[in-house]
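Subject: Structure handover and findings

Hi,

Here is the structure I promised to pass on. Please open it next to this email and follow along.

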Amino acid sequence: MKPLQELIRPNIRNLKPYSSARDEYKGAAASVFLDANENPYNPPNNRYPDPLQQELKARLAEVKNVSSEQIFLGNGSDEAIDILFRTFCEPGRDNVVAIDPTYGMYQVCADVNDIEYRKVPLDEAFQFSAGKIRAAADQRTKLVFLCSPNNPTGNELRRNEVEKLIQTFDGLVVFDEAYRDFSAAPTLLKRLNDYPNLVVLQTFSKAWGSAAIRLGAAFAAPEIIAVINKVKYPYNVSLPTQKAAMDMLSNRHKVEQWVKTLVEEREILMANFAQLPVTEKVFPSDANFFLARVTNAVEIYNYLVEQGIIIRNRHTLARCENCLRVTVGTQAENNRLIQALKNYKK
């Protein structure tokens, strides 16, 4: 890995971050707050939230077995993705490399930040090689994005290739684990102390059933977290979001049951989907969704919309011709989907 200071954008290296009232206050407990121009009425929503989410990070650190200094919390994983671009990639000069197909926000953030986005196609098994990723990179490549289980393909990327890339790439490897809870593969959080150039993304939107609260996390070396904290907006995670996340972290047994149920339903739904006349192939999945190739993705998608059933048409993505992506729902929702497709007439 290059020295971190070489990876950071020059203007960010020299940035003096905004200092909020809540950043400046430290010390003994206080009960009178006259520092932030807040309205004294309508508690608790009248007060700015903790800008560094310290209580939430401490609790999350216990659950994830990392240190609080290794956690960045943002408005969904999308904020974490965007802030990595804004911290490390110089507009109009730098580039990033990503597998293709994968989560679309990586390219959106690249385009918004005027960063060249280089795609490396997956093979027919939806796998990649570290060598091809490195071949696509050059001296201006700051970030590589890997999503595993990958979206929209649903499969785990080969771990030996992932670790080979982390060990040999001199920039940052961003490993998106949004769907990790549904997979039997271990998290890479356990390797943070081994790999100073690793950034792991996770979210409360999937297994934790909390998409509406918009909370994502980036885990990395404390030095990386410290610099992106300079770039983030002062109060980027609201008080209601922090409270909702604390409540979810206190209900881990419920989340574990949801995951167990969804994995069981995934296997049933995939088996039933494979038997449909419209299905040509169901691809293996380690996520809470699966990808399937069908006879005519556009027509079948439109038919399901008419039935009030919404899935995702992935026909236009690389290697996903005539493919639909299906999220695992409740048993009743899954059964309704299968019955609708049994009734489908070409």
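How many bridges join β10 to strand β11, and in which direction do the two run? Two bridges join them, and the strands run antiparallel. Keep in mind that this is a predicted model.

**The sheet**

Start with the wider setting of that pair. Four strands form an open sheet, in the order β8-β9-β11-β10. The pairing is antiparallel. β8 (279-282) and β10 (312-313) stand at the edges. Each has a single partner strand, so one side of each has no neighbour in the sheet.

Now the β10 pairing, residue by residue. R312 has R325 of β11 as its bridge partner. N313 has L324 of β11 as its bridge partner.

On to β9. Five bridges join β9 to β11, and these two strands also run antiparallel.

How enclosed is β11? Four of its five residues are buried, so the rest of the structure largely encloses this strand. β11 covers residues 323-327.

A helix belongs in this picture too. α12, residues 297-306, lies across β9 (289-294), β10 and β11. Helix α12 runs at about 35° to β11.

As background, side chains in a regular strand alternate between the two faces of the sheet.

**A helix pair**

Next, look at α5 (residues 76-88) and α6 (residues 105-112). Two packed helices are described by the angle between their axes and the distance between the axes. Here the axes come within 9 Å and cross at roughly 40°. The crossing of α5 past α6 is right-handed. Which residues make the contact? From α5 they are D78, I81, D82 and F85. From α6 they are M105, Y106, C109 and A110.

**D94**

Is D94 buried or exposed? D94 counts as buried because its relative accessibility is 1%, and the cut-off for buried is under 20%. D94 lies in the loop between α5 and β2 (95-100).

The side chain of D94 makes these polar contacts:

- with the side chain of R140, at 2.7 Å
- with the side chain of K142, at 3.0 Å

Leaving aside neighbours within four places in sequence, D94 is in contact with F88, C89, I115, E116, R140 and K142. D94 and D138 are 44 residues apart along the chain, yet their C-alpha atoms are separated by 9.4 Å.

**N46**

Last, N46. Where does N46 lie? N46 is in the loop between α3 (21-24) and α4 (54-64). N46 has a relative accessible area of 12%, so it counts as buried, the cut-off being under 20%. The side chain of N46 reaches the backbone oxygen of N39 at 2.7 Å. Not counting residues up to four places away in sequence, N46 touches E38, N39, P40 and Y41.

Best wishes

Technical notes: Residues numbered from 1 in each chain as written. Predicted model: local features only at pLDDT ≥ 70, side-chain atom pairs only at ≥ 80, totals over all residues. Heavy atoms only, no water. Buried < 20%, exposed > 50% of the residue type's maximum accessible area, 1.4 Å probe, protein only. Polar contact = N/O pair within 3.5 Å; in protein donor to acceptor, adjacent residues only side chain to side chain. Contact = heavy atoms within 4.5 Å. Pairing = 2+ DSSP bridges. Axes fitted to C-alpha atoms, helices over the stretch in contact; angles between N-to-C directions. Left-handed = near helix turned anticlockwise from the far one by under 90°.
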